[in-house]
Number of protein chains: 2
Amino acid sequence: MQKNKIIIVGAGLCGTLLAIRMAQRGFQVVVYERRPDMRKGVEDAGRSINLALSARGLLALEMAGIKKAILEECIPMRGRMIHPLGGQPFLSKYSGRAEDYINSVSRPGLNLALIEQADQFDNVTFHFESKVTKVDLENAKISYQLNGETYQDEGTVVIGTDGAGSIIRRSMMSQTTKLLFNYSQDFLRHGYKELSILPANDGGWKIEKEALHIWPNGSFMIIALPNLDGSFTLTMFHPFEGEAGFNTLDTKEKLKAFFEQYYPTLLPYIPHLYEEYFENPVGTLGTIKCYPWQAYGKALIMGDASHAIVPFYGQGMNASLEDVRIFDETLEEHGTNWEKVFTVFQDKRKDNADAIADLAIDNFYEMRDHVDDLAFKRKRQIEMQLEQQFPDYYSKYSLVTFQPKLPYQQAMRKGRKQDELLLQMCSQSDFDKIPLENYHQQLLAIK
Amino acid sequence: MQKNKIIIVGAGLCGTLLAIRMAQRGFQVVVYERRPDMRKGVEDAGRSINLALSARGLLALEMAGIKKAILEECIPMRGRMIHPLGGQPFLSKYSGRAEDYINSVSRPGLNLALIEQADQFDNVTFHFESKVTKVDLENAKISYQLNGETYQDEGTVVIGTDGAGSIIRRSMMSQTTKLLFNYSQDFLRHGYKELSILPANDGGWKIEKEALHIWPNGSFMIIALPNLDGSFTLTMFHPFEGEAGFNTLDTKEKLKAFFEQYYPTLLPYIPHLYEEYFENPVGTLGTIKCYPWQAYGKALIMGDASHAIVPFYGQGMNASLEDVRIFDETLEEHGTNWEKVFTVFQDKRKDNADAIADLAIDNFYEMRDHVDDLAFKRKRQIEMQLEQQFPDYYSKYSLVTFQPKLPYQQAMRKGRKQDELLLQMCSQSDFDKIPLENYHQQLLAIK
């Protein structure tokens, strides 16, 4: 088995976890990464982008024996702290069960930890600042550039964990007719921009630490996730055009008037708003789907490379880490018959990747259009009570987030049916007179 | 107005009709085409690929005053001649109205006629063997290669009618995040291969001339369209894999046994089967959708470049020619405010392009899975009777094919509702005892 050499392109979260697991299995692993080695210093690692790590991601980390180490870098978030315009903030828990929460983790912090773990293996080699420029899919050969020179490498297989702009996926796409390569990219008319709340003078958190904060405003919003250093990373989700559009809010005056009107309770926490707003770029929010994920039993893509999704279910990273767990499980079943492993993996995984992509899009529209609907609020209330009272009941959110062994597609199907039933029951005027057990019985009948 | 220079990339059917119409409006038109000038000779123009030209395409040709000339190159096809395995051939008409038929036309023949028409205008210039390699979308500038040299040109606007592999669309795609460019490509697991029936010794047609012939076989089939020279172009639509797969039928022996079993009545007409089958390539069948179709008010794509579809509704070319008619109509409304014209055009057209793409896919599955269903056969029978008796009734097929001013999306919506109602009525055992007027009344109520 040691004779198999796995080339991994991309040392992000998915690629490094894969490197660790493949090293544990005894393979020779070579990782190519375009960016410099993070261990040589990352700008502002503590304060930049953070992500919600939840049960699926944790289960994958556990497989590699590194869950505990990572959890130490996390801040639990027990619910959404909603800051309604003109109202008092209130906490909406993620689950009726106290043990079900999600974790705020710094992306660069987590990535660094995974690189450090992976690099401890003798059979893992990292090549940083090495940009893969060409891929020979049939032969698992790559060309990469390092310091202006071009080099080559050849593996038994090559696995692309190189994100939404994947070069491996683009190579597959250049063989469209040969591979019958299906592909779609879909962008929301919303983008995002990062801002921040600085730590308090004593190094503490200026607002509730253990929550994901939301300042909702109908079709646009700002969210905040806590960082270990006392800061919060804010993300503005706004349309590009229109009154709240990034393209419209293009002067300090307009921005000030806008925030005074729509984010008055947030404004005091961000005195440095103007510098950050005009310095930070606007990111796009897109969904990428494709099929197949493998070519010739020699090349495979996973993570964002094969299924980039929008962030509204907090599952992008978790889905990518889960890919590694399922890939590992498939390898366990089929050994190093790579063509078999690759095709079984993609066929196990494709529907689940589609499901979480669709759920994330649904959530965008749900957050935008229904967060204030009476029936939706009532539903959430009943869901909490049900989760507190019945150990066998999980809301759609909980099925997706806290049931890590349930495939996304099944979570989606069951969760959607539950939602339908609950929304229908909650639209009745006597919804709160229906005994909880009746809700429970009807929900249990859903397969 | 004459000062506006329109660069058209691609001298196919859509590009040349656009050139003619833009020339008629007085614009300066420059057309770049990768292939050689067809007037210098096209191999086998009379016998290669043919297409079904119907009312939408004809209406667009009429706008440019060239419908009559083109119709002279056409052979009417009044219905589908079905050749069931083990049964007698029978004709299934396209419409209950005698005046509604479709036309078999040679693609190169039609293209040649359009190039000749366009080249008669002083204000149209063709550049053949000129491959556009780069597009500056913001400035409507192109680079092209001719005889190994690279040249440049700049227009007021550039319009890409360069087909499914469009370089203009690829330029838009390379600006994905700036344009929020949505894109999808979807391939069927079926491909196609062309064969032919040669003319009779007297130059006539060996099988019924005025029909589109089909040899159905469940999940695979062969169709035939007549050519002016007495030949027929056959198209095999088969899966790539499995018993009937192109990849499986890879020896003369297997092919012979397969045709003897599944196409026994066709076999005598194709003694040269083996040469053609093993010489001709297998084509893929894909749907391409994207949005936006325009960039910066300077660049636009139309035809297959923006919406390539599968051939199962016979509407690919008709939709592309219709693009030109709708573009012309939009230009009439908004003058040379190009940004306005481009955005209005794409927004008028996008839903209709999606609709015919989806209808074509539906038809693939309908032909594959339901052509022998009792309810479907009954429905077709009732539809014919209704069309014969009621001038205001059009079946879904007729709405799409013979109502050229009805947008595809409306045809789809209305047609699908009609289908649903008819299938439901036809699934009743007394379906043929229901007076035709009852069907008609219920169908009329559909909006």
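Here are legends for a few close-up views of this predicted model.

**View 1**
Two copies of a chain are related by a rotation about an axis and a shift along it.

**View 1. Helix α11 of chain B and its surroundings.**
This helix covers residues 374-389, 16 residues in total. From first C-alpha to last, α11(B) reaches 23 Å, close to the 22 Å expected at 1.5 Å a residue. What covers them?

**View 2. Where α11(B) meets α13(B).**
Two packed helices are described by the angle between their axes and the distance between the axes. For this pair the angle is about 115° and the axes are 9 Å apart, so α11(B) runs roughly perpendicular to α13(B). The crossing is right-handed. On the α11(B) side, the residues that meet the partner are B:Ala375, B:Phe376, B:Arg378, B:Lys379, B:Ile382, B:Glu383 and B:Leu386. On the α13(B) side, they are B:Asp419, B:Leu422, B:Leu423 and B:Cys426.

**View 3. A cis peptide bond in each chain.**
Most residues other than glycine have a negative phi, and most peptide bonds are trans. In chain A, though, the bond joining A:Tyr291 and A:Pro292 is cis, with omega about 0°. A:Pro292 sits in the loop between β17 (283-291) and β18 (294-295) of chain A. Chain B has a cis bond between B:Tyr291 and B:Pro292, again with omega about 0°, and B:Pro292 lies in the loop between β17 and β18 of chain B.

**View 4. Two positive phi values in loops of chain A.**
A:Glu129 isn't a glycine, yet its phi is positive, near 50°. Find A:Glu129 in the loop between β8 (124-127) and β9 (131-136) of chain A. A:Ala140, another non-glycine, has a positive phi of about 50° and belongs to the loop between β9 and β10 (141-146) of chain A. Buried or partly exposed? A:Glu129 is partly exposed at 40% relative accessible area, while A:Ala140 is buried at 0%.

How values were computed: Residues are numbered from 1 along each chain as its sequence is written. Chains are lettered from A and ligands numbered from 1 in the order in which they are written. This is a predicted model: local features need pLDDT of at least 70, side-chain atom pairs count only at pLDDT 80 or more; totals for chains, interfaces and linings use all residues. Side-chain values use heavy atoms; hydrogens and water are left out. Helices (H or I, at least four residues) and strands (E, at least two) are DSSP runs, numbered from the N terminus. The expected span of a helix is 1.5 Å times one less than its number of residues. Axes are lines fitted to C-alpha atoms, for helices over the stretch in contact, and angles run from 0 to 180 degrees between N-to-C directions. Angles under 35 degrees count as roughly parallel, over 145 as roughly antiparallel, 65 to 115 as roughly perpendicular and the rest as oblique. A crossing is left-handed if the near helix is turned anticlockwise from the far one by less than a right angle, and right-handed if clockwise. Contact means heavy atoms within 4.5 Å. Buried means under 20% relative accessible area, exposed over 50%, partly exposed in between (1.4 Å probe, protein chains only).
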